[in-house]
Each structure stands twice: as C-alpha cells, then as structure tokens.
Amino acid sequence: MSMVDPSIDYLATLVDSKYTLAILAAKRARELTKPGQVLPEKEVSIALREIGDKKITYTRKK
C-alpha cells in the first residue's frame, strides 16, 4: 500500500522523469502556500493529486 495516492509509480508515467515530477509538484505546492491559509491536507499532496488528475501539465522546451 502506498502512502501517496496516486502512487509515485503512476505519476512517473505521466512525466518524462521523476525529477520533472518533483519540480512540478514543488512549484505547484509553492503556489498553494499562502500565509494564514488552512488547507485540508499538505500542499505537496494536493499538487501530486492535481498532477495525477492531469490538471497540471508541462511542455519541454528544447
């Protein structure tokens, strides 16, 4: 059983590398962080769920 839902293995299939996944999640979590705001769960968990729901995408620049 995974502590993260969706699992990291599933999320890794949506991006080109786990590094990209970490960067996407960190940037989105930073956007969600606001002083005095109370969220139902951690910002990183929300970001990973949004990536899993395909609400967050990226394009690779060459």
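Me: Before anything else, what do buried and exposed mean here?
Reply: Buried means under 20% relative accessible area, exposed means over 50%, and partly exposed is in between, with a 1.4 Å probe and protein chains only.

Me: OK. Glu 50, buried or exposed?
Reply: Glu 50 is buried, with a relative accessible area of 15%. Glu 50 lies in helix α3; helices are DSSP runs of H or I with at least four residues, strands are E runs of at least two, and both are numbered from the N terminus.

Me: What sort of model is this, and how are residues numbered?
Reply: This is a predicted model, where local features need pLDDT of at least 70, side-chain atom pairs count only at pLDDT 80 or more, and totals for chains, interfaces and linings use all residues. Residues are numbered from 1 along each chain as its sequence is written, and side-chain values use heavy atoms, with hydrogens and water left out.

Me: Back to Glu 50. What does it touch?
Reply: Leaving out residues up to four places away in sequence, Glu 50 touches Arg 28, Lys 55 and Ile 56. Contact means heavy atoms within 4.5 Å.

Me: Which residue does Glu 50 form a salt bridge with?
Reply: Arg 28, with the closest N and O atoms 2.6 Å apart. The pair links distant parts of the chain, Glu 50 being in helix α3 and Arg 28 in helix α2, 22 residues apart. The rule for a salt bridge is a side-chain nitrogen of Lys or Arg within 4 Å of a carboxyl oxygen of Asp or Glu. Arg 28 counts as partly exposed, at 22% relative accessibility.

Me: How many salt bridges by that rule?
Reply: Four. One of them joins Asp 16 and Arg 60, whose closest N and O atoms are 2.8 Å apart. Asp 16 is in the loop between α1 and α2 and Arg 60 is in the segment after α3, so this pair ties together parts 44 residues apart in sequence.

Me: How accessible are Asp 16 and Arg 60?
Reply: Asp 16 is partly exposed at 48%, while Arg 60 counts as exposed at 52%.

Me: And which residue pairs with Arg 49?
Reply: Glu 41, in a salt bridge with the closest N and O atoms 3.0 Å apart. Salt bridges that share partners also join Arg 28, Glu 31 and Glu 50 into one network.

Me: Switching to α2. What span should it have?
Reply: Helix α2 covers residues 18-32, 15 residues, and should span 21 Å; its end C-alpha atoms are 21 Å apart, which agrees. The expected span is 1.5 Å times one less than the number of residues.

Me: Which residues of α2 are buried?
Reply: Thr 20, Leu 21, Leu 24, Ala 25, Ala 29 and Leu 32. Seen down the axis of α2, the buried residues fall within an arc of 160°, so they line one face of the helix. That arc is taken from the directions from the helix axis to the C-beta atoms.

Me: What is on the other side of α2, and what covers the buried residues?
Reply: Tyr 19, Lys 27 and Arg 30 are exposed on the other side. The cover for the buried residues includes α1 (8-12) and α3 (43-52).

Me: What makes up the largest nonpolar core?
Reply: Nine residues: Leu 11, Val 15, Leu 21, Leu 24, Ala 25, Ala 47, Leu 48, Ile 51 and Ile 56. Helices α2 and α3 each supply at least two residues of this core. A nonpolar core is a set of buried Ala, Val, Leu, Ile, Met, Phe, Trp, Tyr and Cys residues joined through side-chain atoms within 4.5 Å.
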